[in-house]
Amino acid sequence: MTEYSVIGKRVPKLDALDKATGRAQYGHDVDMPGTLVGKILYANLPHARILNIDTTRAEKVRGVKAVITGKHNPAHNFGYGGDNTPLKGDKVRCRRDEVAAVAAVDDDAANEALELIRVEYEELPALFSAEAALADGAPLVHEDRANNLFTRYDYSHGDAERAFDDADEIVEQEYRLPYVSHAAMETSFALAAFDLQNRLTMWSTTQIPFLLQRDLSEALGMPGRDIRVIQPTIGGAFGRGLDVYPFEPICALLAKHSGKPVRIAFTREEEFFATAVRQPAHVKIRTAAKRDGTLWARDARLLLDAGAYISWGAVTPLVMMETVGSLYRLPHAKFVADVAYSNNPPTGAMRGYGNPQSTFFVETQMDMLAEKLGMDPVEFRLRNANIPNEETPQGLKITTCGLRECITEVAERIGWERRATTDDGRRATDERQTPIVKSKIENRKSKIKRGIGIACTLNVGGGARIYRSDGCGATVKVDDFGRVTLVSGSTEIGQGSETALAQIVAEVLGVRVDDVTVINSDTSVKPWDVGTHASRTTFIAGNAAWIAASEVRQKILDHAAKMLNVAPNHLEMRDRMIRVQGDGDASGKRVAFDKVVRAMHYREDGTVVSGSGWYDPPTKLVDKDTYKGNISAAYGFGAQAAEVEVDVETGQVRVLKLVAAHDVGRAINPMYVEGQIEGGVQMGLGYALTEELQVREGRVLNPSLLDYRVLTALDMPHVESVIVETADPAGPFGAKGVGEMGGNPTAAAIANAIYNAVGVRMNQLPMTGERVLKAIKEKRSETGD
């Protein structure tokens, strides 16, 4: 591979010092003179008609400047499904529905006012599952619809039904997957202020500033050109900020009616019950193979609970069907998913966007099928792995693909040769092969059993066209002193994209990373971008930055060539110097980068040294009828292997080691690629073992970090990250996206390891000690073991 100056180097984050020293300004730190506190009154009823709202006493509380209800809503619905309003005027459809809001000089006045608002309700029958919502005669969540089915996804390629008739081995399983919260360190925040020209500025923890501009325009009934969105430093998002939610237009309405800036900052409890969450799924899936180990067919049927309003959770089947239809070479596939309204919390986008769910049931089935074939799970995956430069039947155009390398890497590093199986599938390891136990007999008799499992993943790595545009803009300018400024449409949410973009620009221009300033937080300054999602920023925004920097590079080289009296294509830019290629300092023909820039300024017909770039990948929206099409310009692949201990007396699972190998094209910054992988693994471990938002009758029962079990640093096993580089030709310097892959296969790898340890298949997440122990007891009662 080419030797680069800064690409591939472990460069510290540009904002690392500010964050480490407390200088970074997060949303909760933003303040303006005269800013009021905004608070929201929630219905706390799952389904009810609003008969009357009395705000008289609340309006009289000292310090209260505005009280608003549904009658203050603009005459516009908003949101992905077009079914939401800021405040609810006629009925409430879930417990978190917003019925009133106040703005006051402090928290005490705002909370007192909320307590004095009186709401009369007529309770209505409620639906607490997708199954109940789709039953005959079920009450309607939205009366303007014929039923509670929002949509059905129906995808197929090949002839799945006939393929199952022709298959030699078939496995079938049913899965239930839970609600999960983003649990970002920073809770949701908005601050709204109107100027004297009635223009709105919104500070927000959004991931989609330009789409939020549009959505607020729709929700508030005002021109988008009069809305400015500013993003402060964001303390985590993970998909939470991919839609407009009622608290944001509510904040703007309070600012409008009070004539003052208003800030709404969620409490931790609100963060759990009032934000969209990862949706639960009820899945039935069959997978088939030929006797020679050829993966032959999949048939998946899903029922998804979208909640009371439609957000991006309703679109996750587009990603799930990619896993079902295109992970491994698969000639036949069928995928049907019904998305239903209910009176449960609304569901939205979360890291992986349906992939952790689908990877779990697809990859545990791969192990089941391998066992039925009498084939090693690694060998089975290698035999059917995706390969480079191949289009799947679904229309995914795979260019670079390191899946085989990822599988081989994790198998070798986890010590796959130590994983042997007995007749019932449990691990039985020879004492000569492992230091873990002294002997096979001791391991069998011990209450602690150990196992090893593997799982793979496919993820978009070159954007994902879910809007008409998947593009991003960038401008690059250079000042007289050689300071380079990149203005990028992209959004930094803590993932380190600013640093990666700075490295791309620095490499193109031959300067140092600390010579580059990145500006990307204000819609009135930066060019358009669709937002941070789908692991797209390094690939899409990186390409835009590369295009803009390359324009600047050519301008500078052209002028330097005149100064040095050589052809531009004979020059190179490196370490703040421009010199003849391969000449070193032998000829003395060299000139400083900043000197050339000044020469371009200070002359007759001088010019600003700047360039612009726009990159929109050559992809297309999937066909609305067949769901086929190439949604991404590149695809990432990965494999993870886990080694676990299972206590057969308590069911507790302890992950000893996890190896994660991911094909990232090229690592712009290996340190932050590893950080993305390991952060994804942490979320995947939580999904596998501890995290479940407990929702009963529409109520969140564990809205605190005490009761919602997020794994801490002390809970983490040893994680070994392996970067597999395939240098994708479409990516900036060969890079592909990596942000989501790390969490996709983790739960499946752990489930497969549990089976290897104790011989039980887990089909419900999280795999708590209680559930694992129940499965062990059920197996004992069935087998008499």
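Let's start in the loop between β9 (189-194) and β10 (200-204), because that is where Asn198 sits. Keep in mind that this is a predicted model. Asn198 has a phi near 65 degrees, a positive value in a residue other than glycine.

Now compare Tyr328, in the loop between α9 (317-326) and β15 (332-341). Tyr328 is a residue other than glycine with a positive phi, near 80 degrees. Tyr328, though, is buried, with a relative accessible area of 1%.

The peptide bond joining Leu765 and Pro766 is cis, with omega at about -10 degrees.

Next, a couple of helices. How far apart are the end C-alpha atoms of α18? Helix α18 (residues 746-758) has 13 residues, so at 1.5 Å a residue it should span 18 Å, and the 19 Å between its end C-alpha atoms agrees with that. As for cover, 13 of its 13 residues are buried. Just after α18 comes Gly759, with a positive phi of about 75 degrees.

Helix α7 (residues 247-258) has 12 residues and reaches 16 Å from first C-alpha to last, close to the 16 Å expected at 1.5 Å a residue. Here 10 of the 12 residues are buried, so α7 is largely enclosed by the rest of the structure. Among the buried ones are Phe247, Glu248, Pro249 and Ile250.

Side chains of opposite charge can pair when their charged atoms come close. How many salt bridges does the model have? The count comes to 45 salt bridges.

Take Glu363 and Arg381: their side chains meet in a salt bridge at 2.9 Å, N to O. Glu363 is in helix α10 (residues 355-373) and Arg381 is in helix α11 (residues 377-384), so this pair ties together parts that are 18 residues apart in sequence. Both Glu363 and Arg381 are buried. Arg381 also forms a salt bridge with Asp367, where the closest N and O atoms are 2.7 Å apart. Asp367 belongs to helix α10 and Arg381 to helix α11, 14 residues apart, so to speak a link between distant parts of the chain. Asp367 is buried too, like Arg381.

For another setting, look at Arg413 and Glu409, a salt bridge with its closest N and O atoms 2.7 Å apart. Both lie in helix α12 (residues 403-414), 4 residues apart, about one turn of the helix. Arg413 is partly exposed at 36% relative accessibility, and Glu409 is partly exposed at 26%. There is also a network: salt bridges that share partners join Glu161, Arg286, Asp299 and Arg301.

Last stop, the surface. Which residues form a negative surface patch? Asp106, Asp108, Glu112 and Glu115 do. Asp108 is in helix α3 (residues 107-116), and at 62% relative accessibility Asp108 counts as exposed.

That's my tour, so over to you.

Conventions: Residues are numbered from 1 along each chain as its sequence is written. This is a predicted model: local features need pLDDT of at least 70, side-chain atom pairs count only at pLDDT 80 or more; totals for chains, interfaces and linings use all residues. Side-chain values use heavy atoms; hydrogens and water are left out. A salt bridge is a side-chain nitrogen of Lys or Arg within 4 Å of a carboxyl oxygen of Asp or Glu. Helices (H or I, at least four residues) and strands (E, at least two) are DSSP runs, numbered from the N terminus. Buried means under 20% relative accessible area, exposed over 50%, partly exposed in between (1.4 Å probe, protein chains only). Patches are made of residues with over 30% relative accessible area and no salt bridge: like charges are joined within 9 Å, nonpolar side chains (Val, Leu, Ile, Met, Phe, Trp, Tyr) within 5 Å. Accessible areas come from the Shrake-Rupley method with a 1.4 Å probe; for residues, only the protein chains shown count as cover. Lys and Arg count as positive and Asp and Glu as negative; His and the chain ends are not counted. The place of a charge is taken as NZ of Lys, CZ of Arg, CG of Asp or CD of Glu. The expected span of a helix is 1.5 Å times one less than its number of residues.
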